[in-house]
Amino acid sequence: MIRANAGHFAACIALAMFCAHAARAAEILVGDAKSQPESLTVAPDGTVIVGSASSPFVYKVRAGSATAEKFIDVSSEPAGTYFFGMLADGATNTLWTCQLTPVPGTTPARKHTALRGFDLATGAPKLRWDLPGDDNTCNDFAIGPDKALYITDTTGGRIFRLPAGASSADLFLEHRTLMGVDGITFLDGTLYVNNVFFNKLYRVPVDATGKPGTPVDIWMDQPVKGPDGMRAANGKLYVALNGSGTIAAMTVTGDKASVTVLKDGLKTPTGIQPAGDTLWFTERGAGKADSIPMPQ
């Protein structure tokens with residue numbers, strides 16, 4: 001999230017704290033536009049965890065602190081390694097993240113990616129599962145009602161499923177509509193995914209045996225551009241729209257969704273995370289994480 005400058009770790013972070021009645025949200029400002037924070041998550045203790053799409057580091061800012069700490073360091077991995085999705089799983093004390101490494105000398109450019117699990121408290125490695133294939137993009141994930149982890153592969157057009165306690169994932173669904181799949185979440189037990197290539201939102205039906213069906217296109221009442229990170233809370237979907245510089249809430253009714261823009265004028269928002277009375281998001285193009293009060 002924060003790049004080294006002049007040979008030493010330097011970050012400019014301002015943290016505005018909650019008022020007693022939560023009149024305004026906290027925010028973290030990273031003073032390096034090159035840091036490219038792609039995704040973020042919030043641990044049960046309020047720690048904000050943010051990865052970098054331009055460096056091999058994950059950072060955390062403890063609740064009540066104004067100091068970013070280097071939390072995970074994979075600089076021993078091949079050059080160019082970076083991070084996408086972040087998800088704090090308090091039930092298993094695990095930070096799930098997607099680790100991506102470019103394949104040198106490939107045209108068009110390819111990358112190998114891995115699902116990584118780290119101890120949420122210490123950052124110690126717990127699990128590594130490499131996605132199958134010569135070119136893939138582990139992007140984001142969600143924990144389902146079955147306690148399994150569901151993982152999106154953007155360039156592979158696939159969703160994988162890691163059962164609770166397992167060390168490797170299985171293919172859950174591969175479909176042409178998933179080429180470009182990015183954000184994934186469960187809303188009231190129903191699986192939703194978006195498509196960053198084609199500006200789509202889908203519901204994935206799952207039968208009683210756990211078998212997925214053909215993704216169902218959800219009609220949105222206004223165009224969206226570049227749907228990226230997506231999370232659910234309070235009966236709504238919250239989405240970062242990287243192509244329009246906005247974050248939005250979506251209210252889904254059947255096969256339709258009503259879109260409400262919550263904040264615009266952002267520089268490539270890519271990640272979003274509801275946490276209590278705060279809605280966090282990343283601005284990859286501005287090198288910062290920020291927040292607004294959770295919409296009522």
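Good morning. The lining of the largest cavity comprises three nonpolar, six polar and four charged residues, where Ala, Val, Leu, Ile, Met, Phe, Trp, Tyr, Cys and Pro count as nonpolar, Asp, Glu, Lys and Arg as charged, and the others, Gly among them, as polar. This is a predicted model, in which local features need pLDDT of at least 70 and side-chain atom pairs count only at pLDDT 80 or more, while totals for chains, interfaces and linings use all residues. Residues are numbered from 1 along each chain as its sequence is written, and side-chain values use heavy atoms, with hydrogens and water left out.

A cavity is a set of points on a 1 Å grid over the protein atoms alone where a 1.4 Å probe fits but cannot get out, and lining residues have an atom within 4 Å of a point. Grid points are joined across faces, edges and corners, and volume is the space filled by probe spheres set on the points. Two cavities of 30 Å³ or more result, and the largest holds about 50 Å³. Among its 13 lining residues, Ser39, Asp140, Gly229, Thr270 and Gly271 are the closest to its centre. Strand S20 (227-233) is one of the strands that each supply at least two lining residues; with four, S20 gives the largest share. Strands are DSSP runs (E, at least two residues), numbered from the N terminus.

I turn to the nonpolar cores, sets of buried Ala, Val, Leu, Ile, Met, Phe, Trp, Tyr and Cys residues joined through side-chain atoms within 4.5 Å; buried means under 20% relative accessible area (1.4 Å probe, protein chains only). Of the 18 residues in the largest core, those touching the most other members include Trp96, Leu115 and Phe141. A second, separate core has 15 residues, including Leu187 and Met230.

Methods:
On a 1 Å grid over the protein atoms alone, a cavity is a set of points where a 1.4 Å probe fits but cannot get out, and a pocket is an open set with protein on both sides within 12 Å along at least five of seven lines; lining residues have an atom within 4 Å of a point. Buried means under 20% relative accessible area, exposed over 50%, partly exposed in between (1.4 Å probe, protein chains only).
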